[in-house]
Every structure is written in C-alpha cells, then in structure tokens.
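Here are my notes on the model you sent over.

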Amino acid sequence: MRRFVLLIGLFLLLVFISDRVIGYSLHLMSVNSHGGFIGHQNYILNESLDDILVFGSSRAIHHYDAQKMQDSLGVTVCNCGQDGEGIIMFYGWWQVIKERYNPQIIIYELTPEYDIYQGDNTKHLGWLKGIYENPSVREEFDEIDSKEKYKMVSYLYRYNSRFHQILLDYFHPIHTMNKGFLPVYRDLDSLQVRVVDKSKGKANSELLRVDPLKIHYFERLFKSLGDTKIVFFSSPTWYSKVNKTNESLDYFLKILSDHNCDFYDYSHDSCFVHQDSLFYDGAHMNYRGADLYTDRVIKILRDNYLDNK
C-alpha cells in the first residue's frame with residue numbers, strides 16, 4: 001500500500017513538472033514570437049501606440065486595409081481583428097491596452113454572431129488565457145465560467161488551444177501581418193454562394209436572441225473608453241441583410257444610440273451586394289472589395305472624426 005501511494009505521488013509530481021515545463025516553454029515561445037498571429041497579438045497588447053485600432057472578427061481582418069488608412073489619413077492604424085472573435089475577447093484585450101495608452105479611435109466591426117447573439121462564450125477565452133494574470137481578465141473568466149479558475153492552475157491549459165499556432169509562429173510564421181490586414185486573393189464560387197443564399201432566410205429565431213453577458217461587456221467597454229472614441233461599422237456582405245426586422249439587432253442599436261455611438265451600416269449597400277467580383281465568400285470581401293470599402297471608411301473618418309481633415 002505504501003509503495004502504491006509513493007507511485008501515485010511520483011506520478012502526480014511528474015504530471016506537475018511536465019505541466020510547468022511544457023506550459024512555461026509555450027509561454028516563452030508565445031511572448032517571444034515576432035511573426036504571424038501570435039507576434040501580432042504581442043504587438044497589439046505590448047507595443048502598439050497606434051492612433052486608430054480596428055476591432056472585430058475575420059471581417060475586420062479582411063476588410064480594413066490599415067496601411068492604406070494610415071497613408072491616407074496621416075495617423076497610425078493597427079488592425080486588431082481576430083477570426084471568430086467578438087466582444088468577449090476584445091473586452092479582455094482592451095483591459096490590457098488601456099493600461100498603456102488610449103488610442104484616438106476604435107473602429108468596431110460589428111458581427112452579431114460574436115457580439116450580440118447567445119452562444120458558447122467560453123470558446124472566446126482562448127486568446128485571453130495568456131493574459132490571465134491581468135485582474136480584469138481574471139474577473140472576466142470568473143464571470144463567464146467559474147470553473148475556469150481551476151483549469152487555469154495548469155500552465156499547459158493556458159496555451160493548449162493555440163499549441164499549433166504558437167509553434168508555427170515561433171519557428172516559421174506563414175502569415176505576414178501588414179498592420180493586421182490580410183487581403184484575400186480569391187474569387188467567389190458564385191454557384192455555392194447562391195445555394196447558401198436561398199437557405200439563409202430559414203435561420204432559427206432562437207439563435208438570434210440577445211446575449212445579456214455580451215451586452216454587459218459592451219456596457220463596461222463604453223465606461224472604460226476615457227477619451228477614446230468608438231465608431232461601429234458593419235461592412236458589406238454578398239447576401240445583404242437577411243433579417244431586416246431583427247429585434248435583437250435593433251435592441252443593440254438602441255444601446256449604441258443611448259451611448260452616442262455612431263453606426264455605419266454597409267451590409268446592404270447596393271454597390272457591394274451581389275457583386276461577385278468583390279467577394280470570396282458570402283460574408284467576406286476579397287482584396288478588390290476591401291480596397292473599395294476601405295476608401296469609404298477613410299472618407300467617414302476624415303470627414304467626421306479626425307482633426308487633420
């Protein structure tokens with residue numbers, strides 16, 4: 001019995017040591033990555049002093065040409081978009097960014113699936129695990145899932161969801177982040193997108209309910225902005241708007257109005273909708289569409305929000 005207990009103790013000790021060694025190694029590779037998505041995250045959280053930040057999902061990554069905006073407006077711009085992410089992640093990132101400085105403007109590309117509607121919010125914690133030691137981020141973890149604090153005892157758990165990305169970006173990053181903008185040089189599969197378009201009107205209204213937790217983090221974001229101005233956009237889609245009387249979206253837009261937040265909706269702009277040459281799928285523009293859309297954004301910023309007009 002004593003030998004058995006010793007073996008169990010030895011096993012647990014080995015597990016603990018392995019967790020710390022592998023987890024800390026991933027941490028070192030993560031914080032020392034200078035390329036790819038991990039390197040860009042390090043820049044956003046630790047180095048960026050850009051005048052304009054772009055927040056949002058993959059639609060932000062592919063639709064806002066930060067270099068073109070910077071060259072045209074005479075201010076520095078960083079595209080902070082992340083694939084499949086919304087307010088849950090960006091609120092956490094903002095808590096780290098604002099400890100260093102306050103940008104002049106945040107452009108927020110609104111994606112209802114990640115910013116308004118109910119869903120599994122724990123899946124948006126992956127990019128926040130590496131900054132868990134920040135008190136505001138830790139509080140966010142506790143609010144989203146109280147069991148996370150027990151999981152975060154493991155150093156390996158903090159990086160397991162990005163294990164492959166960390167290794168890739170440390171040893172051989174394949175993405176060159178042009179200030180966070182990733183243009184797509186592909187054309188639309190027009191047959192496939194039209195098949196999908198016919199089914200989009202059948203969306204289950206149960207999936208379009210407002211997520212109170214997401215709204216809670218937007219409210220907290222608004223209160224923490226200080227002198228930073230936040231401007232919301234909805235960039236074009238090939239499909240245009242499907243639910244023109246979406247009560248959840250209308251509810252959120254009322255919140256924006258209450259906080260004096262401007263919202264520019266290009267999701268059903270006739271210059272873009274059903275223009276096959278401007279998209280690579282139904283929700284994302286290719287480089288041609290992004291170039292045209294960025295011109296619209298530049299004009300809005302120059303005419304309404306920047307002193308150096």
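1. Let's start with Tyr101, which touches Ser48, Leu49, Asp50 and Leu53, leaving aside residues up to four places away in sequence; contact here means heavy atoms within 4.5 Å. Tyr101 sits in the loop between helix H5 (87-97) and strand S3. Helices (H or I, at least four residues) and strands (E, at least two) are DSSP runs, numbered from the N terminus.

2. Is Tyr101 buried or exposed? Tyr101 is buried, at a relative accessible area of 12%; the cut-offs are under 20% for buried, over 50% for exposed and partly exposed in between, using a 1.4 Å probe and protein chains only. From Tyr101 to Arg302 it is 201 residues in sequence and 22 Å in space, C-alpha to C-alpha.

3. A word on ground rules. This is a predicted model, where local features need pLDDT of at least 70 and side-chain atom pairs count only at pLDDT 80 or more, while totals for chains, interfaces and linings use all residues. Residues are numbered from 1 along each chain as its sequence is written, and side-chain values use heavy atoms, with hydrogens and water left out.

4. Now H5 itself. Of its 11 residues, 11 are buried, so H5 is largely enclosed by the rest of the structure. Among them are Phe90, Tyr91, Trp93 and Trp94. The buried residues of H5 pack against helices H2 (36-46), H6 (112-115), H7 (135-144) and H12 (212-223), and against strands S1 and S3.

5. H4 (residues 66-73) has Ala66, Met69, Gln70 and Leu73 buried. They cover an arc of only 100° around the axis, which puts them on the same side of H4; the arc is that of the directions from the helix axis to the C-beta atoms. Packed against these buried residues are strands S1 (52-55), S2 (77-79) and S3 (105-109), plus helix H14 (287-304).

6. Zooming out, the protein chain has 14 helices and seven strands. Its radius of gyration is 21 Å, close to the 19 Å that the globule rule gives for 309 residues, so the chain is as compact as a globular protein of that length. That radius is taken over C-alpha atoms, and the rule is 2.2 Å times the number of residues to the power 0.38. Along its principal axes, the C-alpha trace spans about 75 × 45 × 40 Å.

7. Last, the interior: buried residues make up 50% of the 309 in the protein chain. Of the contacts with a separation of 6 or more, 82% join residues 24 or more positions apart.
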